[in-house]
Amino acid sequence: MAGTTLKSATGWNNNGNGTDAIGFSALPAGYRNTDGTFYHAGTLGYWWSATESGSGYAYFRDMSSDLANVYEINYGKGGGFSARCVR
């Protein structure tokens with residue numbers, strides 16, 4: 001599954017580590033809520049995509065220590081997710 005291939009080989013809770021087969025090394029940083037509180041570090045990873053959904057929303061990718069998939073979700077831009085710069 002895509003999540004397993006993208007996840008780092010260490011750092012994920014609940015035996016959720018991946019293989020990092022393509023060198024993305026996704027780590028579960030969790031997210032920052034709009035009130036500034038951080039949640040789910042070690043268990044979930046969220047990354048903004050470059051695709052907007054209107055002026056206040058954008059898509060992000062989500063990975064969990066319990067699942068091997070990557071999900072796409074639309075969310076308000078006030079959330080604090082990780083960003084990955086690719087050259």
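Reader: What sits over the ring of F24?

Author: The charged end of R84 does, 4.2 Å from the centre of that ring. Keep in mind that this is a predicted model, and that goes for everything we look at here. There is another case of a charge over a ring: the charged end of K7 sits over W12, 4.8 Å from the ring centre.

Reader: Let's go on to charges meeting charges. How many salt bridges does the structure hold?

Author: Here's the general idea: side chains of opposite charge can pair when their charged atoms come close. This structure holds two salt bridges. One is K77 with E52, and their closest N and O atoms are 2.2 Å apart. K77 is in the segment after β5 and E52 is in strand β3, so this pair links distant parts of the chain, 25 residues apart.

Reader: Are those two side chains buried or exposed?

Author: They get separate labels. E52 counts as exposed at 52% relative accessibility, while K77 is partly exposed, with a relative accessible area of 35%.

Reader: In what sense do β4 and β5 pair?

Author: Antiparallel, over six bridges. β5 covers residues 71-76, and the two strands form a hairpin with six residues between them.

Reader: What about β3 and β4, how do they pair?

Author: In the antiparallel sense again, over six bridges, with β3 at residues 44-52 and β4 at residues 57-64. L44 stands opposite S64 in β4, and W48 has F60 as its bridge partner in β4. In this hairpin four residues lie between the strands, and G54 takes a positive phi near 90°.

Reader: Is F81 buried or exposed?

Author: Buried, because its relative accessibility is 12% and buried means under 20%. Y31 falls under the cut-off as well, being buried at 17% relative accessible area.

Reader: Why is the pair of W48 and F81 called tilted?

Author: Because the planes of the rings are at 50°, with the centres 4.6 Å apart. For the label, planes under 30 degrees apart count as stacked, over 60 as edge-to-face and the rest as tilted. Since W48 lies in strand β3 and F81 in the segment after β5, the pair ties together parts 33 residues apart in sequence. W48 itself is partly exposed, with a relative accessible area of 24%.

Reader: Which residues do the ring pairs link into a cluster?

Author: Y31, Y39, Y46, W48, F60, Y75 and F81. Colour those in your viewer and you can follow the pairs from ring to ring.

Reader: Now for a loop. Where is S65, and is S65 buried or exposed?

Author: S65 is in the loop between β4 and β5, and it is buried, with a relative accessible area of 6%. The side chain of S65 has a polar atom 3.5 Å from the backbone oxygen of N13. Leaving aside neighbours within four places in sequence, the contacts of S65 include K7, W12, N14 and G42.

Reader: And A21, buried or exposed?

Author: Exposed, at 58% relative accessibility. A21 is placed in the loop between α1 (2-6) and β1. From A21 to A83 the separation is 62 residues in sequence and 20 Å in space, C-alpha to C-alpha.

Technical notes:
Residues are numbered from 1 along each chain as its sequence is written. This is a predicted model: local features need pLDDT of at least 70, side-chain atom pairs count only at pLDDT 80 or more; totals for chains, interfaces and linings use all residues. Side-chain values use heavy atoms; hydrogens and water are left out. Two strands pair if DSSP finds at least two bridges between them. Buried means under 20% relative accessible area, exposed over 50%, partly exposed in between (1.4 Å probe, protein chains only). Rings of Phe, Tyr and Trp (its six-membered ring) pair if their centres lie within 6.5 Å; planes under 30 degrees apart count as stacked, over 60 as edge-to-face and the rest as tilted. A charge sits over a ring if NZ of Lys or CZ of Arg is within 6 Å of the ring centre and within 35 degrees of the ring normal. A polar contact is a pair of N or O atoms within 3.5 Å; within protein, one must be able to donate a hydrogen and the other to accept it, and residues adjacent in sequence count only if both atoms are side-chain atoms. Contact means heavy atoms within 4.5 Å. A salt bridge is a side-chain nitrogen of Lys or Arg within 4 Å of a carboxyl oxygen of Asp or Glu.
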